[in-house]
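Here are some exercises to work through with the sequence and the model side by side. Try each task on your own before you read its solution.

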Amino acid sequence: MKRLSITILTWLCLCTFAAAADNPVLLPKSFAGWTQLGQPRTTANPAQVDSAYPAVLQEYGFTDSETATYTRDDGRKLTLKAARFNDATGAYGAFTFYRQPAMISEEIATNAASAGSRILFFRSNVLVDANFDHVTEMSASELRELVGLLPSAQGSAGNLPTLPEYLPKKNAVANSAKYILGPQALLVAQSPLTAEQVDFGHDPEVLMQDYTSKDGGLTLTLLDYPTPQIAGGRLRALQSVQPAKPAFLVRRTGPILAIVSGAIASSDAQALLNSVNYEAEVTWNEATTVSKRDNIGNLILAVFALIGIILLISLIFGVFFGGIRILAKRLFPDRVFGRSDEIEIIQLHLEEPGER
């Protein structure tokens, strides 16, 4: 029994070390003059991170969170709440969910926004919410040092979504983009579409952004589906439920559905809709050119070039030796060439016996 207890304890320790290796510590003990007070609070329960929207965090792929308080020698305090997601896409989505249009964009990490003493930013698959008791001119640079100490996702999990590249920049409301991966976030974002119309069963990516126009506000919603065929099916489904007075304009470009809602009677709405154009990117895994050694055309040309060189050399030698012979006959007639009287032909009269 004692040996069994030791074995179980060893197995639990190994599992703990493995979990720690898979999920490294989020926040450092110290950075840029800030020192952590006590032990950080960790949790894997999204309800303890945000009791109002735990389902939204789950849609973004929330895994765990860590909260810690820091202090400096001058008495200032800082509270950091870091949330980790399965990939950078989830961290970006959560960043857009919690970012407010009134915030000011900051140059920290991948993307950042601030309002008063609060600075929200994310790097790779980690979202950080920083709250200072007093913001100084050095606060942003201090957080930039923290960014380099945060863990990051490996491989393709660190890739950001490409859908934001299709958002037009003209007349866009700053910090209004919302990246959505599930029905709960769609509901909170007050989308003009329902979850049934979007059909999250096909795993679409949803991106919303507000725009201004002379006739009123506009909202552009992009639905990115895995294939153009799925997008075409959703387009027909949306067009079939449109009333006599449509609530939105819709258009398909590749696997993306562009939807404009709001003051859709204006010319700006149609211009905004037409400004979204999908461009496919093709990556070649094989060489697109043939080397000179492997090109059969180059080989044939080389063969004909060699034949031409040989013929040219033969012509030159033929003219050379022919010219020498003609010159020798003129300078030394009947001495070198044309001495027919001095030339004897040896004949062998071979006959079979009995012919004579």
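**Exercise 1. Find the element that holds Ser261, decide whether Ser261 is buried or exposed, and list its contacts.**

Step 1. Ser261 sits in strand β13. Helices (H or I, at least four residues) and strands (E, at least two) are DSSP runs, numbered from the N terminus.

Step 2. Ser261 has a relative accessibility of 7%, so it counts as buried. Buried means under 20% relative accessible area, exposed over 50%, partly exposed in between (1.4 Å probe, protein chains only).

Step 3. Leaving aside neighbours within four places in sequence, Ser261 is in contact with Pro192, Gly217, Leu218, Thr219, Ala247 and Phe248. Contact means heavy atoms within 4.5 Å.

Before going on, note that this is a predicted model: local features need pLDDT of at least 70, side-chain atom pairs count only at pLDDT 80 or more, and totals for chains, interfaces and linings use all residues. Residues are numbered from 1 along each chain as its sequence is written, and side-chain values use heavy atoms, with hydrogens and water left out.

**Exercise 2. Work out which strands β11 pairs with, and how well it is covered.**

Step 1. Begin with β10 (residues 205-211): seven bridges join it to β11, and the two run antiparallel. Two strands pair if DSSP finds at least two bridges between them.

Step 2. Pick out individual partners. Met208 has Thr221 as its bridge partner in β11, and Glu205 has Asp224.

Step 3. Look at the hairpin of β10 and β11. Six residues lie between the strands, and Gly216 takes a positive phi near 140 degrees.

Step 4. Turn to β13 (residues 256-262), which is joined to β11 by seven bridges, again antiparallel. Here Leu220 has Val260 as its bridge partner.

Step 5. Check the cover. In β11 (residues 218-224), seven of seven residues are buried. One side carries Leu218, Leu220, Leu222 and Asp224, the other Thr219, Thr221 and Leu223, and both faces are covered.

**Exercise 3. Identify the residues that touch the most other members of the largest nonpolar core, then find another core.**

Step 1. The largest nonpolar core has 54 residues, and Phe85, Leu220, Leu222 and Val260 touch the most other members. A nonpolar core is a set of buried Ala, Val, Leu, Ile, Met, Phe, Trp, Tyr and Cys residues joined through side-chain atoms within 4.5 Å.

Step 2. Another core, of 22 residues, lies apart from it; among its members are Ala130, Leu143, Leu146 and Val147.

Step 3. Follow Leu146, which is in helix α5 (residues 139-147). Its relative accessibility is 0%, so Leu146 counts as buried.

Step 4. Beyond neighbours within four places in sequence, Leu146 is in contact with Pro28, Phe31, Leu80 and Phe121. Leu146 and Pro28 are 118 residues apart along the chain, and their C-alpha atoms are separated by 8.0 Å.

**Exercise 4. Describe the aromatic pair of Phe95 and Phe122.**

Step 1. The whole structure holds 12 aromatic pairs. Rings of Phe, Tyr and Trp (its six-membered ring) pair if their centres lie within 6.5 Å; planes under 30 degrees apart count as stacked, over 60 as edge-to-face and the rest as tilted.

Step 2. Phe95 and Phe122 are 5.4 Å apart centre to centre, with 45 degrees between the planes: a tilted pair.

Step 3. Phe95 belongs to helix α4 (residues 88-98) and Phe122 to strand β7 (residues 118-123), 27 residues apart. Both are buried.
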